[in-house]
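Here is a short note on charge pairs and helices. Please keep the model open while you read.

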Amino acid sequence: MQVPAEPGSSHAWGTERSIPTPGELSFRLLVDAVQDYAIFLISASGEVLTWNLGAHRIKGYTPDEIIGNHFSVFYPAEDRDAGLPERLLEKARREGRVEHEGWRVRKDGTRFWADVVITALRDETGETVAFAKVTRDLTERRAAEDQQRALVAEQRARAAAEEALLARDRFLSIAAHELKTPVTSLRLAAESLFRAKTSGRLTEDRLSSSLQRMITATQRLGLLLNELLDVARLSSGALPYDPEPTDVVALIREALSQYSELAEARRIRLVSAPESAWVQADPRRLEQALTNVIDNAVKFSADSEPVDVSISEDEQGVAIDVVDRGIGLGSEGAERIFEAFGRAPNAEHVPGMGLGLYIARQMVARHGGTIEAMPRQDGPGARFVIRIPRRSAEP
């Protein structure tokens, strides 16, 4: 016989069968009374078989309106077109259970965010005869989570903006300090020339000395401006990169020969290298990275201490070691020195804007390589290791 729905009840079991046992009836009454969850059965092909108060409250349908309809009516059109309801049933049939979070649609067309669990109900032969479907409305929780994410994003954006302002102020302070030195030297040399000329005491030696000071100052200005320009290009992604087969050994030999007088004074030594070591690289950018690292080693070394450069290679690529015998990195300097305007804590007294090693790391990264710094193992100083992947065979 058919078990009739009680007057006012939103459940509908609607099938011909024997009178339920007290336990079955208690379970039905329990399910029907739940209002925070939509709990109902759907057939093996997806038609709604039962409906409880929670389903009515969450989805808006009465039993008469929904029982017999396919459960895909609860899904947005784009999910129905993509076959999501059928895929969920198939997964539940195959695995016994499936859980899914996503948008669902109420009777009035509004959407809500739901957590859905579909469980396959099997007979004694293992055949899936129906599915139990439990839906929980998580719209409020999702809104709270979205609000929290938006708050976190806003806090991060504010922190980033504050950090950018601090970086700008730090940049202006460092740039002004570093640019002041060559500008002052240039001004003093020009004033000295002017006074000597107007007083009639301008000698060849004084002229040569003043001109040399002016040349040195303008060279320093040029280096500083080029560093700032490179940083701007790196930040905007506008720095040209034109890789070609490049012999790292020849590149380093050429770089050292370009300032042979400095190399002799500071004893910059190429202590070991193969005949050649080929990689795919932009020779100008790679030379700039290598020169920046060597210049850094020279700057932090005493005049009489050597800077050793060595080159090795294996199947993966080429490694360049630069070892100085200067003041070292300090306890927290190994990563800080590669940041823009970063200086090791024990190097504040050494002139510089802290851009050379930052630019070097960015250049090396463009080649798919790495650069790291570490204390020198057998005494004071630092060791820099640059690794460039091969990426091409020797031409």
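1. Asp137 forms a salt bridge with Arg106, with the closest N and O atoms 2.9 Å apart. A salt bridge here is a side-chain nitrogen of Lys or Arg within 4 Å of a carboxyl oxygen of Asp or Glu. The pair links distant parts of the chain, 31 residues apart: Asp137 sits in strand 4 (residues 128-137), and Arg106 in the loop between strand 2 (97-105) and strand 3 (111-122). Helices (H or I, at least four residues) and strands (E, at least two) are DSSP runs, numbered from the N terminus.

2. A word on the source. This is a predicted model, where local features need pLDDT of at least 70 and side-chain atom pairs count only at pLDDT 80 or more, while totals for chains, interfaces and linings use all residues. Residues are numbered from 1 along each chain as its sequence is written, and side-chain values use heavy atoms, leaving out hydrogens and water.

3. Now accessibility. Asp137 counts as partly exposed because its relative accessibility is 28%. Arg106 is partly exposed too, at 21%. Buried means under 20% relative accessible area, exposed over 50%, and partly exposed in between (1.4 Å probe, protein chains only).

4. By the salt-bridge rule, the count comes to 20. Another pair is Arg142 with Asp146, whose closest N and O atoms are 3.9 Å apart. These two are 4 residues apart in helix 6 (residues 139-199), so about one helical turn separates them.

5. Asp378 forms a salt bridge with Arg376, the closest N and O atoms being 3.1 Å apart. Asp378 is exposed at 62%, whereas Arg376 is buried at 15%. Salt bridges that share partners also join Glu101, Arg141 and Glu145 into one network.

6. Lys59 lies in helix 2 (residues 53-59). Beyond its neighbours within four places in sequence, its contacts (heavy atoms within 4.5 Å) include Phe40, Trp51, Arg106 and Lys133.

7. In helix 8 (residues 248-258), the buried residues are Val248, Val249, Leu251, Ile252, Ala255 and Leu256. Seen down the helix axis, they fall within an arc of 160 degrees, so they line one face of helix 8. The arc is that of the directions from the helix axis to the C-beta atoms.
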